[in-house]
Amino acid sequence: MFPDELVAELEEIRSCFPVAKAAMVPVLRRVQEDRGWIDPEARDWVAEFLSVTKMEVHEVATFYPMLYTEPVGKHVIHVCRTLSCDVCGARELWAHLEKKLKVERGGTTEDGRFTLKSAECLASCGTAPVMLIDNERHENLSLAEVDKLLEATK
Ligand code: FES
């Protein structure tokens, strides 16, 4: 299912852990990097690869917001929705992004360029509001800065 080089890489990741199951998150992240999301076929492959049940893989894949069990756009934006960000402008940020991208929370733009997701605290409360674009953190965001980031991400 995966090219030999990727399987070799996944085997190396698995070998770093005393128990194969413990490698699940890094294995899933690497699989997602390759496929864009963790589709059912990939989930089943990982289950066999790590000698765990499909349900165990499903549970992990659906627990972590940075793992995607649905197709996503080319770029994924996570906006923090936790308290510090909420009181420091995240609501305005949400409204701005939803209007500008013409997509609701959890959705993907019509052109498939952006998926907009919420996240719990991104561990940078002192620099709220915070969002990630493709896992790169952006802090102290103004709406003008968000526009620049979106433009740069195109
Ligand atoms: S509340 Fe947003 S980074 Fe902590």
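The chain is divided into domain 1 (4–63) and domain 2 (75–153), with bounds from an automatic or database domain assignment. Their centres, taken over C-alpha atoms, are separated by 28 Å. This is a predicted model: local features need pLDDT of at least 70, side-chain atom pairs count only at pLDDT 80 or more, and totals for chains, interfaces and linings use all residues. Residues are numbered from 1 along each chain as its sequence is written, and side-chain values use heavy atoms, leaving out hydrogens and water.

Six helices and four strands make up the secondary structure. Helices (H or I, at least four residues) and strands (E, at least two) are DSSP runs, numbered from the N terminus. Their order is α-α-α-α-β-α-β-β-β-α.

Of the 154 residues, 40% are buried. Buried means under 20% relative accessible area, exposed over 50%, partly exposed in between (1.4 Å probe, protein chains only).

Salt bridges number 13. Each needs a side-chain nitrogen of Lys or Arg within 4 Å of a carboxyl oxygen of Asp or Glu. Three of them follow, among them Arg30 with Glu9.

| Salt bridge | N to O distance |
|---|---|
| Arg30 and Glu9 | 2.6 Å |
| Arg35 and Asp39 | 2.6 Å |
| Arg43 and Asp44 | 2.9 Å |

Arg30 lies in helix H2 (residues 24–35) and Glu9 in helix H1 (residues 4–15), so the pair ties together parts 21 residues apart in sequence. Arg30 is buried at 18% relative accessible area, while Glu9 is partly exposed at 33%.
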